[in-house]
Amino acid sequence: MHRLPSKAILLRFRIASCVVMITALGLVFAIGCLAYGMLSDDFKWIVISGWCFGGLLLLLVLNALATSRLRCPLCMVPPLQNRGCSKHRSVKRILGSHRLKVATSILFSGYFSCPYCGEKTAMEARSKSF
């Protein structure tokens, strides 16, 4: 199992994972508000969903900035970004998303499997050996 180079990168992975999770939950909430507003003919819920979609656009920009420099220590591909690369054959998904699986693994299990190379990385910093 691989380890991350520093505690700063470890913190960046956790923050980026939180942003990915908030984005996914915000999308579900915005779609729910829009559906409820349309079914109940309540314009207030449609406006709330519009604000949620606007906030999601800002979160997507923040997500792109937060995840662009985070890379798998083995294959050097950003695991929290959707690249056009082919995925490993044994990679798992949550709700059809590889990024969401990586984010939940980082936050809840203490390691993640890279969707591109399939190797596990512990959410620990490497020890300094002299």
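Helix H1 (7-40), helix H2 (43-67) and helix H3 (98-108) each supply at least two residues to the lining of the largest pocket. This is a predicted model, where local features need pLDDT of at least 70 and side-chain atom pairs count only at pLDDT 80 or more, while totals for chains, interfaces and linings use all residues. Residues are numbered from 1 along each chain as its sequence is written, and side-chain values use heavy atoms, leaving out hydrogens and water.

**The largest pocket**
- A pocket here is an open set of points on a 1 Å grid over the protein atoms alone, where a 1.4 Å probe fits, with protein on both sides within 12 Å along at least five of seven lines.
- About 300 Å³ of space lies in the largest pocket, a volume being the space filled by probe spheres set on the points.
- Its lining has 15 residues, and Thr23, Ala24, Leu25, Leu27 and Leu100 lie nearest the centre; a lining residue has an atom within 4 Å of a point.
- H1 gives the largest share of this lining, seven residues.
- By class, the lining of the largest pocket holds 12 nonpolar, two polar and one charged residues (Ala, Val, Leu, Ile, Met, Phe, Trp, Tyr, Cys and Pro count as nonpolar, Asp, Glu, Lys and Arg as charged, and the others as polar).

**The second largest pocket**
- For the second largest pocket, the volume is about 250 Å³.
- Among its 13 lining residues, Ser90, Val91, Lys92, Lys101 and Ser113 lie nearest the centre.
- H3 and strand E2 (111-113) are the elements giving two or more residues to this lining.

**How H1 and H2 pack**
- The axes of H1 and H2 come within 9 Å and cross at roughly 160 degrees (axes are lines fitted to C-alpha atoms over the stretch in contact, and angles run from 0 to 180 degrees between N-to-C directions).
- That makes H1 roughly antiparallel to H2, a term for angles over 145 degrees.
- In the contact of H1 with H2 there are 22 nonpolar, six polar and no charged residues.

**The sheet**
- Three strands form an open sheet in the order E1-E3-E2, with mixed pairing; helices (H or I, at least four residues) and strands (E, at least two) are DSSP runs numbered from the N terminus.
- Strand E1 (2-4) and E2 stand at the edges with a single partner strand each, so one side of each has no neighbour in the sheet.
- E2 pairs with strand E3 (residues 120-125) in the antiparallel sense over three bridges (two strands pair if DSSP finds at least two bridges between them).
- Ser113 stands opposite Lys120 in E3.

Key:
Parallel < 35°, antiparallel > 145°, perpendicular 65-115°, else oblique.
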